[in-house]
Amino acid sequence: MVTGGVHLDHAAGRPLDPRVRAAMLPVLDAPPASVEGVHEPARRCADLVEEARGSVAALLGAPAEAIVFTAGATEARNLAVKGLLSANRRLGGHVVASAVEHPATLACCRTATRDRGELTLVGVDADGRIAPSAVAAAVREDTALVCVVHGQPEVGTIQDVAALVAAARDARPGCLVVVDAEETAGVLPVDVEAIGCDALVVGGGAMAAPPWTGALYVRPGTRLHPVVEGGLQEGGKRAGAQDVPGVVALGAAARLAAAEMAGRARAMTGLRDLLVARLTAVPGVRLNGARGDERLPGHVQVSVEGVEGETLALALAARDVAVSPGSACSAAGKASPVLEAMGLEPPWTHSAVLLTLDWRLTVDEVVFASSVFAEEVARLRAMSPLAR
Amino acid sequence: MTAPVVDALGTYCPAPLRLLRRALARVAPGDEVVLLADDPLIEVDLAAWCHEHGHELVSLVRDEDAYRGVVRRGATVGVDASGGVT
C-alpha cells in the first residue's frame, strides 16, 4: 500500500539522510565563526571543515589538500573549467568536451572559449557512450582542457573515464582533464588516482547531503585560478564565508557513503531493473541510455511514443508521482540535446521522462508509480490525435 | 621529504604571503615551503616579507606565466596582520 505519492526525481538531490542532518544541526546552532578567526568557536569550525575535507578526500582516494569545497556541483564545474583555463593559458585555448556533458559544463566551456580559443564537442553512440578514440581524435596540439562526465545525469550512461583520460593524455600529454562525478561520487567507487584526472566534480545531493553542497578535487600541483576571489578561504581558491554546516554535512555523507555504498547501489539496481521492466512493458516505450552495469543504479529515462515528456510529467505529478521531463537540468519543452547527440529524432527527443531512484524507496512504491505511469500514458494517448 | 607547495595562483598580494605564512607555521624551522604565485608583485614582496619575518628566500624563479619561490622557515612564524593565526 502506497500513501502520499512517490518521489522519483532524485537526479538533483536525494532526501537528506537523518544522520547527515544530525551532524549539521549542532553547527547550525553554534555561534557563527570564520574559520580564519583566532577564538575557540573559530578553531572549532576550522577543525570541522578539515575533518570533512578529509572524509571527502578519503571517498575519492585523494589527499585532503586536494579538496576545495564549493556551493554545489555547478560551482565546482565553473571553478574547474574557468579556473583551469585561466591559470593554464600557456597550454592553448582549445577545449574538448563530450556532447553529453552537464549543461553547466557546456555553458562554462562556451563562455571560456567565446573570446579566445575554440570548443570541440565529441559525439556519442546510440547509448550515450563516449569513445576514447573520439576523444583522442578531437584533442589537438593546443588543447588545454578536456571535459568528460562519469555518470551522464540525463540518460544514466556510465563512461569509462579512466580510458577517456588516458586517450586524451595519449593525444596530448600536457592537457588537463576534468571529470564530472556529480552522479557517481558516493554512489559508485570513484578513485581519482585510478581515473588519472586533474580535477573531479563532486555534488552532495547524490549522497543524501544538501544539494547545495559540493567540492572540486584538484590534483596537487595543478594550476587553478579562483573564480570567486577576495579571501583566503579554501586556500584562496574559493573566497567567501564557508558554509560550515553544509561542509560538515558533505563530510558526514561521504563517510556514510563510503561505508554503505555497495548496499545502496544493490538496492537501487534492483528497483531500477524492476522499474525498467515495468515501464518498457508498456507498448511504445523505449529505454534511453546504456543497460546493466553501464547504467547508473538510480537512473531510468524512457521516451514514450505519442506523448510529450512535459505533459506526461505533469500528468504524473497530478497523481502524486514526481518525475522529471527529460532532464533535471535542461529547459522544459525543448528537445533534449543529449538525446539528439545520441541520434534520436523527434518525437523521441521530446517525449522523454526521467525517473531517478533512491535506495530508501520500496518495491511497492516502484510498482505503484509504474502502474500510474501506464495508466497516464494510456489516458494521454487516448486524448492525442497523434497517437491514434 | 617533499616540500609542501602553496598554490597561490590567481590571488593577489598580500594573499600569497598569508597563505605562505600559514604553510610555514606547519613545518619545522629550517624546512622549506614552495610558493606558486602569479601576481607580479610577488617579485618584490616575497623577498621583503622573508627578510622582515626572519625566513630565508632560497630561490624565486619566473616560470613563463608564474613564479615559483622556495622559502626556508625561520625560528618563528607568529600571527598575521589581520589577527588570524597562520
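Biologist: Which residues have the most contacts inside the largest nonpolar core?

Modeller: In this predicted model, local features need pLDDT of at least 70 and side-chain atom pairs pLDDT 80 or more, while totals for chains, interfaces and linings use all residues. Residues are numbered from 1 along each chain as its sequence is written, and chains are lettered from A and ligands numbered from 1 in the order written. A nonpolar core is a set of buried Ala, Val, Leu, Ile, Met, Phe, Trp, Tyr and Cys residues joined through C-beta atoms within 7 Å, where buried means that 20 or more other C-beta atoms lie within 10 Å of a residue's own (exposed: 12 or fewer; partly exposed: in between), with C-beta atoms placed from the backbone. The largest core has 145 residues, and those with the most contacts inside it are Leu145(A), Tyr217(A) and Ala253(A).

Biologist: Which helix gives the largest share of this core?

Modeller: Helices (H or I, at least four residues) and strands (E, at least two) are DSSP runs numbered from the N terminus, and chain A has 11 helices and 13 strands. The largest share of the core, 14 residues, comes from residues 244-280 of chain A, which form helix 8.

Biologist: How many residues of chain B are in contact with chain A?

Modeller: Two residues are in contact if their C-beta atoms, placed from the backbone, lie within 7 Å. On the chain A side 16 residues take part, and on the chain B side the number is 15.

Biologist: What percentage of chain A counts as buried?

Modeller: The C-alpha atoms of chain A fill a box of roughly 70 × 50 × 30 Å along the principal axes. Of its 388 residues, the share that counts as buried is 55%.
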